[in-house]
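The sequence and the structure are shown first.

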Amino acid sequence: MPGSPICAPDWLTLREGADAAARSTELVELVRGHLEATARTGAPSVIRDLGCGTGSMGRWLAGRLPGPQLWILRDRDTGLLSYAGANTPGEAADGAPVTTRTEGGDLTDLRATELAGTSLLTASAVLDLLTSEEVDGLAATCVEAGCAALLTLTVAGSVDISPFDPLDAVFAAAFDSHQRRPVDGRQLLGPDAGPAAAAAFTQRGAVVETRPSPWRLGPEQAELAEEWLRGWIAAACEQQPDLERHAAAYLRRRLEASTAGELLVEVGHVDVLALPAGAS
């Protein structure tokens, strides 16, 4: 039961609608206020999107923010960068122009000097793939540069599936352990990443706000729910191989519920906004 690779274009496209519905619009209002307070007359707000993937963050956020914007999209996948650069909105909320530039690179390579003049740094669904040291480094870089950060859709370690199945909690616990696994000597934060980011920014004097941003998947998102289930179960089995003997029957029950229009899935995420100290 292979799951979809987290950075595969098809998977990113499939999840875009659920991501858009989940992200916190309350935090966007705070970002709007920050950009309006710090805007320089005639100059665009510079927004850097780290690990941009197909560019879904820009498509969601650019049209919600006022004023001219320059989006600098950063990803190590050149194919995704090419797609993202060609599919960013051309207008801001007030009709001002939105322009785009792309650059290759990993989000952990960013230095404070590169953020000079940047109004906002964004990233979506990436914090849980980082280590404590990497999250701390990202916070240090943003605070040193005086740059706001909007970090969305970090897994929160909560999954609620209806109708109830006695194996739900077992697979959920194994999946969370998989999210926190060591990879090539790096200890991933998984569901601990949201609180870790909030703490790292707060300790450096930033003003931090967090909001829940859960996926809510029902019959209208059946395709996404199925792909998510397959990946979720596969990761749990990789972490706890004895679950393999239950996996096929468990997935079958879940897919039968989906076909009947009865499956409801809520996957917990958290959005974190960090504003420079003294920001309006």
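In which helix is the place of Leu138? Leu138 lies in helix α5, which spans residues 132-145; helices are DSSP runs of H or I of at least four residues, numbered from the N terminus.

The model is predicted, so that local features need pLDDT of at least 70 and side-chain atom pairs count only at pLDDT 80 or more, whereas totals for chains, interfaces and linings use all residues. Residues are numbered from 1 along each chain as its sequence is written, and side-chain values use heavy atoms, with hydrogens and water left out.

Leu138 and Arg111 are 27 residues apart in sequence, with a C-alpha to C-alpha separation of 8.6 Å.

Helix α6 (residues 168-179) packs against helix α8 (residues 222-239) at an angle of about 70 degrees, and their axes are 8 Å apart. The two helices are therefore roughly perpendicular, a term for angles of 65 to 115 degrees. Asp168, Phe171 and His178 are among the α6 residues in this contact, and Trp232, Ile233 and Gln239 are among those of α8. The contact comprises nine nonpolar, three polar and two charged residues; Asp, Glu, Lys and Arg count as charged, Ala, Val, Leu, Ile, Met, Phe, Trp, Tyr, Cys and Pro as nonpolar, and the others, Gly among them, as polar.

His178 is found in α6. The table lists two buried residues (under 20% relative accessible area, 1.4 Å probe, protein chains only) and their contacts (heavy atoms within 4.5 Å), not counting residues up to four places away in sequence.

| Residue | Relative accessible area | Residues touched |
|---|---|---|
| Leu138 | 7% | Leu50, Leu121, Leu127 |
| His178 | 7% | Ala235, Glu238, Gln239 |

Methods. Axes are lines fitted to C-alpha atoms, for helices over the stretch in contact, and angles run from 0 to 180 degrees between N-to-C directions. Angles under 35 degrees count as roughly parallel, over 145 as roughly antiparallel, 65 to 115 as roughly perpendicular and the rest as oblique. Buried means under 20% relative accessible area, exposed over 50%, partly exposed in between (1.4 Å probe, protein chains only).
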